[in-house]
Amino acid sequence: MATGERIKAARKKAGLTQKALGEKCNMPDSQIRQYELGMVNPRIEQLRRIAAALGVYISDLVDDWSKISQKEISDDWGNGNHGSVSHEKAIEMGGYPLNDSEKPLLDNYRQLNNDGKQKASDYVEDLTKIPEYRKEE
């Protein structure tokens, strides 16, 4: 499903008209219509406003992250605007640069259930309290 179709589906699920969504996002309904019809691809700033108005993640709306430049994503993340993107999608789209030792750790973490994830987080927190395992500043 294309981004515009996803926006439309989320808007309808929220019970909003294009005009009402536009008002919530502080943009004209004609712009919402263009996005929904696929005539224009929204920039990440507009996606953020739409996602917030609909109560969804940006990643729920975007079908193809290659339509958004890595620079735009990087700038957005650099400004601390990552609350509307799910963690998994952020990693997938390059929002979290991982080094070679972090990737396997994250891959293993994702295989855990919620209890296992909490236990892993607790272990990591405990390790940070032991001086021999801390990075030197």
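The largest pocket holds about 200 Å³ of space. This is a predicted model: local features need pLDDT of at least 70, side-chain atom pairs count only at pLDDT 80 or more, and totals for chains, interfaces and linings use all residues. Residues are numbered from 1 along each chain as its sequence is written, and side-chain values use heavy atoms, with hydrogens and water left out.

**Largest pocket**
- A pocket is an open set of points on a 1 Å grid over the protein atoms alone, with protein on both sides within 12 Å along at least five of seven lines.
- Its lining consists of Leu 105, Leu 106, Asn 108, Tyr 109, Leu 112, Ala 120, Ser 121 and Val 124 (lining residues have an atom within 4 Å of a point).
- Helix 7 (102–110) and helix 8 (114–128) each supply at least two lining residues (a helix is a DSSP run of H or I, at least four residues, numbered from the N terminus).
- Helix 7 gives the most, with 4 residues.
- By class, this lining has 6 nonpolar, 2 polar and no charged residues.
- Ala, Val, Leu, Ile, Met, Phe, Trp, Tyr, Cys and Pro count as nonpolar, Asp, Glu, Lys and Arg as charged, and the others, Gly among them, as polar.

**Cavity**
- There is 1 cavity of 30 Å³ or more (a cavity is a set of points where a 1.4 Å probe fits but cannot get out).
- The largest cavity holds about 60 Å³ (a volume is the space filled by probe spheres set on the points).
- Thr 3, Asn 41, Pro 42, Leu 47, Val 62, Asp 64, Lys 67 and Ile 68 line the largest cavity.
- These residues split into 4 nonpolar, 2 polar and 2 charged.

**Helix 2 with helix 4**
- Helix 2 (residues 18–25) packs on helix 4 (residues 44–54) at about 110°, with axes 9 Å apart (axes are lines fitted to C-alpha atoms over the stretch in contact, and angles run from 0 to 180 degrees between N-to-C directions).
- The two helices are therefore roughly perpendicular (65 to 115 degrees).
- Leu 21, Lys 24 and Cys 25 of helix 2 touch Arg 49, Ile 50, Ala 53 and Leu 54 of helix 4 (contact means heavy atoms within 4.5 Å).
- This contact has 5 nonpolar, no polar and 2 charged residues.

**Helix 2 with helix 3**
- The axes of helix 2 and helix 3 (residues 29–37) come within 8 Å and cross at roughly 110°.
- Helix 2 and helix 3 are therefore roughly perpendicular too.
- Gln 18, Lys 19, Leu 21 and Gly 22 of helix 2 meet Asp 29, Ile 32, Arg 33 and Glu 36 of helix 3.
- By class, this contact has 2 nonpolar, 2 polar and 4 charged residues.

Methods:
Angles under 35 degrees count as roughly parallel, over 145 as roughly antiparallel, 65 to 115 as roughly perpendicular and the rest as oblique.
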